[in-house]
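Reader: I am new to this structure. Please show me how to read it, one feature at a time.

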Amino acid sequence: MDAELVERAVRGDREAFSLLVERHYDFVHAVAWRWSGNVTDAEDIAQDVCIRLGSAIRGFRGTSRFRTWLYTLTLNAARDHRRRRVRDERKIAAYASDPAAQRTPDREDEDRREALWTAVRALPEKQCDAVLLVYAEGLSHAAAADVLGCSEATISWHVHEARKRLRTMLGKEAV
């Protein structure tokens, strides 16, 4: 029965895809739980697998059993989740150890920060996107380029132009 559902899902049949997800969700969740050891993480991983499966199913070629392929997809999602969690924990630990982060920002700092982000949101769209990805999300220029579908040099140029524009908008001391 899986073979027929997979074949239909690969061709874009949403009902077949839905049946596959329903049929294999408990398996995906169980694998995710064994790899994460945490019910909440397992739920996140299982949801991530279901989302990934939506685009990945068209790439299924049938060289292995569907369940084997799904197992691999689930393991990769669990590994990605673990890497994200470790990276987030490191960021939190680094932030907590930063003396500047431990002090309570005064009203003036908050007002300046708010004015800066308001100005960033007023930038031309591509400059705003580049600044938000690099400075607010903490992505590298290369990663931001991947997200926006352009070159790393283009991101660098947008950030440079945004900084010039922000200096004009806010004054040199603010940027």
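Predicted model: local features only at pLDDT ≥ 70, side-chain atom pairs only at ≥ 80, totals over all residues.

Reader: Which residues make the contact of α6 and α9?

Author: From α6 come A115, L116, A119 and V120. From α9 come L166, M169 and L170. Sorted by class, the contact of α6 with α9 has 7 nonpolar residues, no polar ones and no charged ones.

Reader: How do I describe a pair like that in numbers?

Author: Two packed helices are described by the angle between their axes and the distance between the axes. Take helix α6, residues 107-121, and helix α9, residues 152-170. Their axes come within 10 Å and cross at roughly 125°. Angles over 145 degrees would count as roughly antiparallel, and 65 to 115 as roughly perpendicular. So α6 and α9 are oblique to each other.

Reader: At what angle do helix α2 and helix α3 pack?

Author: At about 140°, with their axes 8 Å apart. Helix α2 spans residues 14-36, and helix α3 spans residues 39-56. That angle makes α2 oblique to α3. The crossing of α2 and α3 is right-handed.

Reader: Which residues of α2 and α3 meet?

Author: On the α2 side they are F17, V21, Y25, V28, H29, A32, W33 and S36. The α3 side includes V39, I45, V49 and L53. D41 and E43 of α3 also take part. By class, the contact of α2 with α3 divides into 13 nonpolar, 3 polar and 2 charged residues.

Reader: Is the crossing of α1 and α2 left-handed or right-handed?

Author: The crossing of α1 and α2 is left-handed. Helix α1 covers residues 2-10. Helices α1 and α2 pack at an angle of about 135°, with their axes 7 Å apart. They are therefore oblique to each other.

Reader: What makes up the contact of α1 with α2?

Author: Helix α1 gives D2, L5, V6, R8 and A9. Helix α2 gives E15, A16, F17, L19, L20, R23 and H24. These residues divide into 7 nonpolar, 1 polar and 4 charged.

Reader: What is the radius of gyration of the protein chain?

Author: Compare it with a reference. A compact globule of 175 residues would have a radius of gyration near 16 Å, but the protein chain has 22 Å. Along the principal axes, the C-alpha atoms fill roughly 65 × 35 × 25 Å.

Reader: Which residues does the "RNA polymerase sigma-70 region" domain cover?

Author: An unreviewed UniProt entry annotates residues 20-87 with that name. This span is 84% helix and 0% strand, and its end C-alpha atoms lie 32 Å apart.

Reader: And where is "RNA polymerase sigma factor 70 region 4 type" listed?

Author: UniProt, again in an unreviewed entry, lists that domain at residues 113-166. The chain there is 81% helix and 0% strand. The end C-alpha atoms of residues 113-166 are 13 Å apart.

Key
Residues numbered from 1 in each chain as written. Heavy atoms only, no water. UniProt positions renumbered as here; feature names shortened; annotations may be inferred. Helix = DSSP H or I, 4+ residues; strand = E, 2+ residues; numbered from the N terminus. Axes fitted to C-alpha atoms, helices over the stretch in contact; angles between N-to-C directions. Parallel < 35°, antiparallel > 145°, perpendicular 65-115°, else oblique. Contact = heavy atoms within 4.5 Å. Nonpolar A, V, L, I, M, F, W, Y, C, P; charged D, E, K, R; others polar. Rg over C-alpha atoms; globule rule 2.2 N^0.38 Å. Left-handed = near helix turned anticlockwise from the far one by under 90°.
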